[in-house]
Amino acid sequence: MTKNIMIVGVGGQGSLLASKLLGYLLLTEGYDVKVSEVHGMSQRGGSVVTYVRFGDKVYSPIIDKGEADFIVSFEQLEAARYIDYLRPDGRVVVNTQQIDPMPVITGAASYPENLIGKMKDLGLNVDAMDCLSLANEAGSAKAVNIVLMGRLSRYFDIPVDKWKKAIEDCVPEKFRELNLKAFDLGRA
Amino acid sequence: MKQLMLGNKAFARGLYEAGCSVVSSYPGTPSTEVTEEVAKYDEVYCEWAPNEKVAMEVAFGASVAGKRSFCGMKHVGLNVAADPLYTLSYTGVNAGMVICVADDAGMHSSQNEQDSRHHAIASKVPMLEPSDSEEALEFAKRAFELSEEYDTPVIIKMCTRVAHSQSLVETGERILPPVKPYEKNIAKYVMMPGNAIRRHPIVEERTRKLTALANDCYFNRVEMGDTGLGIITGSTSYQYAKEVFGDKASILKIGMSNPLPDQLILDFAAKVDKLVIIEELDPVIENHCKALGLEVTGKDVLPMEGEYSQNLIAEKLGVEVPKSLSLGEALPGRPPMMCAGCPHRGLFYTLSKNKCTVLGDIGCYTLGAVPPLAAIETTLCMGASISGLHGFNKALGKESEGKTVAVIGDSTFMHSGMTGLANIAYNQSNSTVIILDNSITGMTGHQQNPTTGYNIKGDPAGKIDLEALCKAMGFHRVRVVDPYNLAECDQAVKEELAADEASVIISRRPCVLLKYVKHNPPLHVEKDKCVGCRSCMRLGCPALSFRDKKAVVDDTLCVGCGVCQQLCRFDALQS
């Protein structure tokens with residue numbers, strides 16, 4: 001059975017490192033893995049989606065509506081945007097940060113209210129936390145991605161030291177300590 | 001041990017292992033990483049060419065000289081390189097030559113979603129289509145053998161979901177093929193009519209031989225399952241079909257999409273009750289099957305537009321799709337936009353303020369068309385801003401000359417802007433061209449180009465002087481402005497549009513994302529000074545938002561470029 005993790009956020013938030021980490025970890029766990037990314041224009045502050053799929057044999061590189069076991073979101077509005085990709089029994093792990101998209105900046109639209117509550121009202125499992133504060137506590141706002149990975153790790157049967165080994169193997173030496181701290185803060 | 005590898009990186013590994021020695025490409029999403037990755041191998045000479053036509057001709061020269069060669073491009077790039085391609089089909093090769101073309105169904109980062117298979121058919125060049133990273137690696141290697149055995153360039157067609165997906169691959173060693181010394185052969189390599197007439201029958205004979213090969217080759221395979229449903233598919237559509245049907249259908253997987261295997265298709269069709277063709281974009285396999293006299297389902301139920309997915313195929317072919325929940329409210333979109341501190345923003349603000357008609361081009365600055373700046377009014381293809389401006393001004397004369405400009409990036413200008421500029425100089429329109437020189441090829445992820453002074457490896461290289469180039473073409477009015485300085489930009493645009501001769505403005509500042517660009521500390525808003533006039537919001541900067549009737553600066557995004565400060569009449573934005 002193929003398992004599906006969708007990573008969504010705003011271009012530039014660091015979703016590529018998150019998918020790299022997950023791909024590496026799941027491969028070392030012996031799974032067939034596919035990861036699908038978006039490059040080019042969408043990366044310029046647009047809504048970005050990365051798909052991570054693993055299992056005995058994975059065919060399609062993308063995740064479709066109603067298939068995601070997890071949506072890991074760097075931002076509230078982006079979690080809401082892709083919520084129809086979640087299985088009804090799936091789980092959303094979401095950073096509560098709000099980043100205004102251009103229609104909100106220009107005043108053409110307003111940022112929707114209470115998105116976390118609305119997702120919970122659908123009966124979905126929503127795990128919301130302020131990852132930006134935790135990332136800053138770890139030492140850098142850029143570590144939001146690893147805080148989220150720490151949180152996600154709670155829902156996997158993979159031992160914590162394997163997650164940490166994957167972080168050590170995937171990030172440059174000088175950022176290791178910071179990222180390991182971010183992981184611990186996210187998982188706690 | 002198997003590794004997780006991006007399709008484009010696996011392709012690059014295949015080039016390396018096959019002993020490819022010369023690579024020349026022009027970047028274009030989703031093809032760029034093939035060349036970026038192969039450039040990491042010191043054994044392979046790699047370069048960014050000014051455009052795809054040059055790249056393909058470089059690869060041709062290297063092949064004739066006796067070294068295995070490669071050029072890579074996106075789908076629209078193959079249009080630029082179509083000229084050499086169609087005649088390369090006649091000359092054939094000496095050492096193997098492989099071309100990557102990456103299609104972008106769904107237009108994640110493209111201006112159209114043309115189907116490159118038509119180029120393979122029209123140029124009579126074989127085309128391979130891998131469906132994952134492992135095949136990208138293996139097809140790249142085998143393409144060189146095919147190229148040499150059949151004396152033809154070979155195109156490998158990637159698509160976004162193969163190019164930018166990671167899947168498992170096993171790597172091998174690099175094996176250099178035996179040297180193929182260059183031999184003078186005018187009848188083969190000089191395509192003047194007398195010779196080309198003799199080459200054309202060779203091309204037709206080659207296609208016949210390749211069609212015979214296609215019926216029994218590594219690239220095409222049959223996976224028999226239930227025979228009630230037979231599916232012919234390839235590329236990423238194969239993965240979606242397997243996901244939906246598993247072994248509940250029989251599949252003919254097409255890995256060589258030109259020429260198609262007539263007998264293999266007929267034999268497969270005879271074994272199944274119903275035949276469905278699953279292919280993104282145009283009905284190429286479908287029309288071929290129909291020409292073979294087969295009754296098939298294809299574009300009568302599946303779309304011509306956009307990319308496919310497992311749910312789309314399931315739904316259109318009557319298979320149940322998973323249930324999902326929706327919030328049931330319309331959410332504000334999040335389109336891509338220019339980055340905080342992007343040097344293009346100040347220039348576009350100036351053009352917008354002066355109510356200029358702006359003919360645009362292909363690059364990050366195409367985002368100048370997005371509100372609130374909404375400054376760009378046309379984008380067609382690489383270089384069309386300049387040639388289009390000339391036509392616009394020739395059509396309207398004085399009515400448009402004083403308020404119409406072209407904007408084009410440094411890399412796009414090198415790609416195909418120079419010829420348009422030559423046309424303005426030669427045929428004399430009073431046109432103002434703005435070169436947005438951010439010292440890099442931005443949208444595709446920071447590739448060097450002939451104006452940057454560095455090559456693909458980051459080593460010092462030749463550097464073309466844009467001012468000198470424009471002057472040499474006959475432009476007397478060439479000036480450089482800093483797009484962070486709004487007053488300077490405004491003055492330059494007003495003066496050059498008013499001038500009675502053609503002019504070039506070079507808006508010069510490096511891309512804010514370049515590693516060597518130093519950022520200033522973020523600005524902050526003095527709340528008591530901000531009157532909520534929203535002047536700063538006209539820039540459409542992602543670092544600026546508006547809360548409780550005051551401007552707010554996102555200090556994780558702001559790079560302190562200071563452009564918004566110049567719009568604030570109340571000194572509310574402080575360094």
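Which residues is B:Thr91 in contact with, leaving aside its neighbours within four places in sequence? The first legend below takes this up.

A note on the views: this is a predicted model, in which local features need pLDDT of at least 70, side-chain atom pairs count only at pLDDT 80 or more, and totals for chains, interfaces and linings use all residues. Residues are numbered from 1 along each chain as its sequence is written, chains are lettered from A and ligands numbered from 1 in the order in which they are written, and side-chain values use heavy atoms, with hydrogens and water left out.

View 1. B:Thr91 belongs to helix H5 (residues 82-91) of chain B; helices (H or I, at least four residues) and strands (E, at least two) are DSSP runs, numbered from the N terminus. With a relative accessible area of 4%, B:Thr91 is buried (buried means under 20% relative accessible area, exposed over 50%, partly exposed in between, with a 1.4 Å probe and protein chains only). Neighbours within four places in sequence aside, B:Thr91 is in contact (heavy atoms within 4.5 Å) with B:Phe60, B:Asp151, B:Lys188, B:Tyr189, B:Met191 and B:Arg199. One of these partners, B:Asp151, sits in the loop between helix H7 (133-150) and E7 of chain B. B:Asp151 has a phi near 50 degrees, a positive value in a residue other than glycine, and at 22% relative accessibility B:Asp151 counts as partly exposed.

**View 2. B:Thr451 in its loop.** Look for B:Thr451 between strand E17 (432-437) and helix H19 (466-472) of chain B. B:Thr451 counts as buried because its relative accessibility is 5%. Its side chain makes polar contacts with the side chain of B:Asn449 at 2.7 Å and with the side chain of B:Asp410 at 3.4 Å. Such a contact is a pair of N or O atoms within 3.5 Å; within protein, one must be able to donate a hydrogen and the other to accept it, and residues adjacent in sequence count only if both atoms are side-chain atoms. Not counting residues up to four places away in sequence, B:Thr451 touches B:Asp410, B:Met414, B:Asp437, B:Lys463, B:Ile464 and B:Leu466.

**View 3. A seven-stranded open sheet in chain B.** The strands follow the order E3-E2-E4-E5-E7-E6-E12, with mixed pairing; two strands pair if DSSP finds at least two bridges between them. At the edges are strand E3 (45-48) and strand E12 (256-258) of chain B, each pairing on one side only. Within the sheet, strand E6 (residues 127-128) and strand E7 (residues 154-159) of chain B pair in the parallel sense over two bridges, and B:Met127 has B:Ile155 in E7(B) as its bridge partner.

**View 4. Strand E8 of chain B and its two partners.** All the residues of strand E8 (residues 165-169) of chain B, five of five, are buried. Strand E2 (residues 32-36) of chain A pairs with E8(B) in the antiparallel sense over two bridges, and here A:Val35 stands opposite B:Gln166. Strand E1 (residues 3-6) of chain B also runs antiparallel to E8(B), joined by four bridges; B:Met5 has B:Ser167 as its bridge partner.

**View 5. The largest cavity.** This cavity holds about 150 Å³ of space. Here a cavity is a set of points, on a 1 Å grid over the protein atoms alone, where a 1.4 Å probe fits but cannot get out; lining residues have an atom within 4 Å of a point. Grid points are joined across faces, edges and corners, and a volume is the space filled by probe spheres set on the points. Of the 19 lining residues, B:Arg117, B:Glu129, B:Lys157, B:Ser235 and B:Glu280 lie nearest the centre. E7, strand E10 (229-234) and helix H11 (235-245) of chain B each give two or more residues to this lining, and the largest share, three residues, comes from H11(B).

**View 6. Two cis peptide bonds.** The bond from B:Thr29 to B:Pro30 is cis, with omega near 5 degrees, and B:Pro30 lies in the loop between strand E2 (22-25) and helix H2 (32-38) of chain B. The bond from B:Pro371 to B:Pro372 is also cis, with omega near 10 degrees; B:Pro372 is in the loop between strand E14 (357-359) and strand E15 (376-378) of chain B.

Definitions and conventions
1 Å grid on protein atoms, 1.4 Å probe; cavity = no way out; pocket = protein on both sides within 12 Å on 5 of 7 lines; lining within 4 Å.
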